[in-house]
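Have a look at the model below, then read on.

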Amino acid sequence: MENTTKFNSAQIEVMNMMSFINTKSSWQRLKEALSDYFAKQLDDEIDAMWQDGRLNEEKVESFRTLHERTPYRQ
């Protein structure tokens, strides 16, 4: 069985736009724009969680003592 990757239309469009990236500074600017976009998405989701009560001060405080590390055996 052949293992192939299928891209959606948005992924294909982004790959096509990548052909215009021909300098390191262009690549840096694109990475910054993508980072800004995803940071805004995250901010919007956090704001929505505060608004609907899924996130509150008590839950945020509980993160301070959260330990989810995988225990390592010696």
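Which residues form a nonpolar patch on the surface? They are V14, M17, M18, F20 and W27, with about 500 Å² of accessible area together. Keep in mind that this is a predicted model, where local features need pLDDT of at least 70 and side-chain atom pairs count only at pLDDT 80 or more, while totals for chains, interfaces and linings use all residues. Residues are numbered from 1 along each chain as its sequence is written, and side-chain values use heavy atoms, leaving out hydrogens and water.

**Overall shape**
- The chain has 3 helices and 0 strands (DSSP runs of H or I with at least four residues, or of E with at least two, numbered from the N terminus).
- Its radius of gyration, taken over C-alpha atoms, is 20 Å, well over the 11 Å that the globule rule (2.2 Å times the number of residues to the power 0.38) gives for 74 residues, so the chain is more spread out than a compact globule.
- The C-alpha trace spans about 45 × 40 × 30 Å along its principal axes.

**Exposure**
- F20 sits in the loop between α1 (9-17) and α2 (24-52), and counts as exposed because its relative accessibility is 64%.

**Confidence**
- The average pLDDT, the predictor's confidence in each residue from 0 to 100, is 91 for the chain, and 97% of the residues score at least 70.

Key
Patch = residues over 30% accessible without salt bridge, like charges linked within 9 Å, V, L, I, M, F, W, Y side chains within 5 Å. Areas by Shrake-Rupley, 256 points an atom, 1.4 Å probe, with all protein chains shown as cover. Salt bridge = Lys/Arg side-chain N within 4 Å of Asp/Glu carboxyl O. Buried < 20%, exposed > 50% of the residue type's maximum accessible area, 1.4 Å probe, protein only.
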